[in-house]
Amino acid sequence: MSKRLLKNSVVLAPSILSANFANLKKDIGLVEKAGAQWLHIDVMDGHFVPNLTIGPAVVKAIRPHSRLLFDVHLMIERPDHYWKQFHAAGADLITFHHEAPVNQRKLIRDMKRAGLKTGVSIKPDTPVSAIAGILPLVDLVLVMTVEPGFGGQKYRHDMVPKIQQLRAIIDRRKLACRLEVDGGITLETALIAVAAGADVLVAGNAVFAAANPASALKRIRKAIDKSLK
Ligand code: DX5
Ligand code: ZN
């Protein structure tokens with residue numbers, strides 16, 4: 001499983017929140033064939049965020065149809081109560097929110113012992129300083145560039161300094177931690193997030209709401225590769 005965590009270059013993680021739920025298998029196949037490396041799966045519980053989305057049954061149903069790394073973003077109040085179900089369903093990487101009222105070090109330890117990659121996420125109002133201490137323990141840090149809860153929102157440019165701060169900390173401390181940005185990613189904002197230091201980009205609407213999701217994804221990939229040259 002861990003070989004799915006690619007070490008180099010910027011990873012694209014299309015979010016199935018904006019996919020066709022009546023045809024998930026087809027939509028996932030499209031982005032996989034177009035070169036996505038991860039699949040971002042947004043889990044919401046109606047408490048931590050005002051929306052309900054995907055549960056472990058859906059993850060289990062799509063797992064046999066994809067070889068992508070399943071990047072499960074838990075926007076739920078009690079990640080400690082539910083991570084095992086998502087692990088059993090086929091998650092590779094599970095990200096919880098710093099703002100969730102749980103013992104984070106214990107949660108990370110438990111998930112790691114089970115063989116999972118782990119991530120921690122911060123909402124727009126949470127500063128980087130809140131999670132600086134646990135960065136050495138996680139495989140990924142996720143900066144929300146919209147208020148979590150819904151796809152299709154506008155990228156918050158005021159989050160750029162947080163991405164830059166995290167990139168500086170990760171590089172200075174030589175941490176093996178991916179830096180993911182989620183929310184409002186488009187062809188334009190993808191380049192801004194990458195320039196600030198992101199190395200994993202989530203894109204929901206920009207990919208799945210496009211007339212041709214495969215070419216939308218390829219266009220983002222090309223623009224990023226060009227910007228990194
Ligand atoms: C929002 C979710 C995002 C969402 C992104 O709470 O965490 O992953 O699917 O969607 P876009 O790319 O449309 O902003
Ligand atoms: Zn997400």
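Reader: Let's start with the largest pocket. Which strands and which helix each supply at least two residues of its lining?

Author: Before that, one caution: this is a predicted model. Now, to read a lining, look at which elements its residues come from. Here strand E2 (38-44), strand E8 (200-203) and helix H7 (205-208) each give at least two residues to the lining of the largest pocket.

Reader: What volume does the largest pocket have, and which residues lie nearest its centre?

Author: The volume is about 320 Å³. Its lining counts 28 residues, and those nearest the centre are Gly 151, Gly 152, Gln 153, Gly 183 and Gly 184. For the largest pocket that gives 12 nonpolar, 13 polar and 3 charged residues.

Reader: Gly 183 is on that list. Where is Gly 183 in the chain, and is it buried or exposed?

Author: Find the elements on either side, then check the accessibility. Gly 183 sits in the loop between strand E7 (178-182) and helix H6 (187-196). Because its relative accessible area is 8%, under the 20% cut-off, Gly 183 counts as buried. Another thing to check is who sits across from a residue in space. Gly 183 and Met 144 are 39 residues apart in sequence, yet their C-alpha atoms are 6.1 Å apart.

Reader: Now the metal. Which residues are the protein donors of the zinc ion (ligand 2)?

Author: With a metal, list the donor atoms, then their distances, then the angles. The zinc ion (ligand 2) has His 40 (NE2), Asp 42 (OD), His 73 (ND1) and Asp 182 (OD) as its protein donors, at 2.0 to 2.3 Å. The site has 6 donor atoms, with angles of 71 to 169° among them, and is octahedral.

Reader: How are the donor residues of the zinc ion (ligand 2) spaced in sequence?

Author: The pattern reads H-x1-D-x30-H-x108-D. Two of those donors, His 40 and Asp 42, are both buried.

Reader: Let me zoom out. How many helices and strands does the protein chain have?

Author: Counting elements is a handy way into a fold. The protein chain comes to 8 helices and 8 strands. For overall shape, compare the radius of gyration with a rule for globular proteins. The protein chain has a radius of gyration of 16 Å, close to the 17 Å from the globule rule for 229 residues, so it is as compact as a globular protein of that length. Along the principal axes, the C-alpha atoms fill a box of roughly 45 × 40 × 35 Å. As for burial, 55% of the 229 residues count as buried.

Reader: How many cavities of 30 Å³ or more does a search of the whole structure find?

Author: The search turns up 1 cavity of that size. About 40 Å³ of space lies in the largest cavity, and its lining is made of Leu 12, Ile 185, Leu 201, Ala 203, Val 207, Leu 217 and Ile 220. Strand E8 and helix H8 (213-228) give two or more residues each to that lining. By class, the lining has 7 nonpolar residues, with no polar and no charged ones.

Reader: What about Lys 174: where is it found, and what is its phi?

Author: Check the backbone angle, and note whether the residue is a glycine. Lys 174 is not a glycine, but has a positive phi of about 50°. Lys 174 belongs to the loop between helix H5 and strand E7 (178-182). Because its relative accessible area is 76%, over the 50% cut-off, Lys 174 is exposed.

Reader: And Gln 165: in which helix does it lie?

Author: Gln 165 is part of helix H5 (residues 160-172). With 40% relative accessibility, Gln 165 counts as partly exposed.

Reader: One last residue. Is Leu 116 buried or exposed?

Author: Leu 116 is buried, at 4% relative accessible area. Leu 116 lies in the loop between helix H4 (104-113) and strand E5 (117-122). Between Leu 116 and His 87, 29 residues apart along the chain, the C-alpha separation is 7.4 Å.

Methods:
Residues are numbered from 1 along each chain as its sequence is written. Chains are lettered from A and ligands numbered from 1 in the order in which they are written. This is a predicted model: local features need pLDDT of at least 70, side-chain atom pairs count only at pLDDT 80 or more; totals for chains, interfaces and linings use all residues. Side-chain values use heavy atoms; hydrogens and water are left out. Donors are N, O and S atoms within 2.8 Å of the metal (3.2 Å for Na, K and Ca); water is not among the atoms, so sites may look incomplete. Four donors count as tetrahedral if all angles lie between 85 and 135 degrees; four count as square planar and six as octahedral if opposite donors are over 155 degrees apart and all others between 65 and 115; anything else is irregular. Buried means under 20% relative accessible area, exposed over 50%, partly exposed in between (1.4 Å probe, protein chains only). On a 1 Å grid over the protein atoms alone, a cavity is a set of points where a 1.4 Å probe fits but cannot get out, and a pocket is an open set with protein on both sides within 12 Å along at least five of seven lines; lining residues have an atom within 4 Å of a point. Grid points are joined across faces, edges and corners, and a volume is the space filled by probe spheres set on the points. Helices (H or I, at least four residues) and strands (E, at least two) are DSSP runs, numbered from the N terminus. Ala, Val, Leu, Ile, Met, Phe, Trp, Tyr, Cys and Pro count as nonpolar, Asp, Glu, Lys and Arg as charged, and the others, Gly among them, as polar. The radius of gyration is taken over C-alpha atoms; the globule rule is 2.2 Å times the number of residues to the power 0.38.
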